[in-house]
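Subject: Structure handover

Hello,

Here is the structure I promised to pass on.

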Amino acid sequence: MPEPDSVGLCRTCQWMRAVTNRRGSTFFRCGRADLDARFPRYPALPVLQCIGYEKDRSDDDTGRGGKGQVP
Ligand code: SF4
């Protein structure tokens, strides 16, 4: 997997679809591109600003006993 800073916002976006080929290379596909032509299917990385960015809820630490919560 690439380093986090080399990917940018896509890494934590709920629309990101990581695709790993047989050679082990990982590509970041934008799921919004299937619905909206303004988004490139494979955005140039790192993505530092994006109007379509929506934080992936599975990355959210609150509410379900995630890290940082007092037992
Ligand atoms: S909506 Fe933007 S931030 Fe999210 S996956 Fe697509 S290009 Fe990346």
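Below is what was found in it, starting with the whole chain and moving to single residues.

Confidence and overall picture

This is a predicted model. The mean pLDDT of the protein is 85. Of its residues, 76% reach 70 or more. Residues 65–69 are another matter: pLDDT stays under 50 there. For that stretch the model has 3 contacts beyond four places in sequence.

The protein has 71 residues, and 13% of them are buried. It has 2 strands and 0 helices. Take the contacts between residues at least 6 apart in sequence: 47% of these join residues at least 24 apart.

The hairpin

Strand E1 covers residues 16–20. Strand E2 covers residues 26–30. The two run antiparallel and are joined by 5 bridges. Together they form a hairpin, with 5 residues between them. Met16 has Cys30 in E2 as its bridge partner. Arg17 stands opposite Arg29 in E2.

As a general rule, most residues other than glycine have a negative phi.

The ligand shell

Which residues are closest to the ligand? They are Cys10, Cys13, Cys30, Cys50 and Gly52. In total, 13 residues surround the ligand. By class, 11 of the shell residues are nonpolar, 1 is polar and 1 is charged.

The core

The largest nonpolar core has 6 residues. Its members are Val7, Cys10, Cys13, Trp15, Met16 and Cys30. In soluble globular proteins, nonpolar side chains tend to be buried together. Cys10, Cys13 and Cys30 are in this core, and these three cysteines are also among the residues closest to the ligand.

Cys13

Cys13 lies in the segment before E1. Is Cys13 buried or exposed? Cys13 is buried, because 22 other C-beta atoms lie within 10 Å, and 20 or more are enough to count as buried. Leaving aside neighbours within four places in sequence, Cys13 is in contact with Tyr53, Glu54 and Asp56. Lys55 belongs in this picture too. Cys13 and Lys55 are 42 residues apart in sequence. In space, their C-alpha atoms are 4.7 Å apart.

Cys50 is partly exposed, because 16 other C-beta atoms lie within 10 Å, a count between the limits of 12 for exposed and 20 for buried. Leu9 is 41 residues away from Cys50 along the chain. The C-alpha atoms of the pair are separated by 7.7 Å.

Gly52 also counts as partly exposed, with 17 C-beta neighbours inside 10 Å. Leaving aside neighbours within four places in sequence, Gly52 is in contact with Trp15, Arg32 and Phe39. Of these, Trp15 is a member of the largest nonpolar core. Phe39 is 13 residues from Gly52 along the chain. Their C-alpha atoms are separated by 8.2 Å.

Which residues does the cis bond join? A cis peptide bond joins Leu45 and Pro46, with omega about 0 degrees. In general, most peptide bonds are trans. Pro46 lies in the segment after E2.

Asp5 lies in the segment before E1. Asp5 and Pro46 are 41 residues apart in sequence. Their C-alpha atoms are 6.9 Å apart in space. Asp5 counts as exposed, because it has 10 C-beta neighbours inside 10 Å and the limit for exposed is 12 or fewer.

Where to start

Begin with Cys13. Cys13 is buried, belongs to the largest nonpolar core and is one of the residues closest to the ligand.

Best wishes

Definitions and conventions: Residues numbered from 1 in each chain as written. Predicted model: local features only at pLDDT ≥ 70, side-chain atom pairs only at ≥ 80, totals over all residues. Near = placed C-beta within 6 Å. Nonpolar A, V, L, I, M, F, W, Y, C, P; charged D, E, K, R; others polar. Helix = DSSP H or I, 4+ residues; strand = E, 2+ residues; numbered from the N terminus. Contact = placed C-beta atoms within 7 Å. Core = buried A, V, L, I, M, F, W, Y, C linked by C-beta atoms within 7 Å. Pairing = 2+ DSSP bridges. pLDDT = per-residue confidence, 0-100.
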